[in-house]
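Colleague: I have a structure here that I would like to understand. Can you take me through it?

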Amino acid sequence: MELFSDSLLLPAVLLAVLAFVVPRLLARVLPEGVKPLLLNAFLSTLIIGVLSAVFFFCLYLWQGADIADLMAPGLVANVVFFGKLGLASAIIWVPIMLLSVAGLPRKWVKETW
């Protein structure tokens, strides 16, 4: 258990899985085409960014941080702090998300690339 709680392995694996899965799930509800593909990339970026910030907040709690101490600086300060952590983790999830989005046109039936 220490391997996951004290290292970057768990966050990296989880972010990589999210980066692959989120665009695929969005592709099920978005129509085929270039504009929806770009919308998918934009929405995936927003969703994974928010989820990674929430994940880092949960990691702080898992490591033993008290929720009162975390919330003491205020909501805006927490959104900025954990948002920056989510953006910093983009070095892990952006390349995987882009590859996932780039692979979506192969599954198109009605539209052509």
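Modeller: Here are some answers on the helices, their packing and a few residues. This is a predicted model, in which local features need pLDDT of at least 70, side-chain atom pairs count only at pLDDT 80 or more, and totals for chains, interfaces and linings use all residues. Residues are numbered from 1 along each chain as its sequence is written, and side-chain values use heavy atoms, with hydrogens and water left out.

Colleague: How many helices and strands does the protein have?

Modeller: The protein has 6 helices and 0 strands, so the pattern along the sequence reads α-α-α-α-α-α. Helices (H or I, at least four residues) and strands (E, at least two) are DSSP runs, numbered from the N terminus.

Colleague: What does the C-alpha trace span?

Modeller: About 55 × 30 × 20 Å along the principal axes.

Colleague: And how much of the protein counts as buried?

Modeller: Of the 113 residues, 32% are buried. Buried means under 20% relative accessible area, exposed means over 50%, and partly exposed is in between, with a 1.4 Å probe and protein chains only.

Colleague: Let's turn to packing. How do α2 and α3 cross?

Modeller: Their axes cross at roughly 150° and come within 10 Å. That makes α2 roughly antiparallel to α3. Axes are lines fitted to C-alpha atoms, for helices over the stretch in contact, and angles run from 0 to 180 degrees between N-to-C directions. Under 35 degrees counts as roughly parallel, over 145 as roughly antiparallel, 65 to 115 as roughly perpendicular, and the rest as oblique.

Colleague: Which residues of α2 and α3 meet?

Modeller: On the α2 side they include L10, L14, L18 and V22, and on the α3 side they include S44, I47, L51 and F55. Contact means heavy atoms within 4.5 Å. The residues of this contact divide into 18 nonpolar, 3 polar and no charged. Ala, Val, Leu, Ile, Met, Phe, Trp, Tyr, Cys and Pro count as nonpolar, Asp, Glu, Lys and Arg as charged, and the others, Gly among them, as polar.

Colleague: Are α2 and α6 roughly parallel or antiparallel?

Modeller: Roughly parallel, because the angle is about 25°. Their axes are 8 Å apart. The contact includes A12, L15 and A19 of α2 and W93, I96 and M97 of α6. Its residues divide into 11 nonpolar, 1 polar and 1 charged.

Colleague: Where is A12, and is it buried or partly exposed?

Modeller: A12 is in helix α2, residues 9-29. A12 is partly exposed, because its relative accessible area is 24%.

Colleague: What about S44, buried or exposed?

Modeller: S44 is buried, with a relative accessible area of 0%. S44 lies in helix α3, residues 34-62. Not counting residues up to four places away in sequence, S44 touches V22, P23, L26 and M97.

Colleague: Which residues of the largest nonpolar core touch the most other members?

Modeller: I48, F82, W93 and M97, out of 22 residues in that core. The elements that give two or more residues to this core are α2, α3 and α6 (90-102). The largest share, 8 residues, comes from α3. A nonpolar core is a set of buried Ala, Val, Leu, Ile, Met, Phe, Trp, Tyr and Cys residues joined through side-chain atoms within 4.5 Å.

Colleague: What does W93 touch?

Modeller: Not counting residues up to four places away in sequence, W93 touches L15, A19, T45, I48, G49, S52 and G86.
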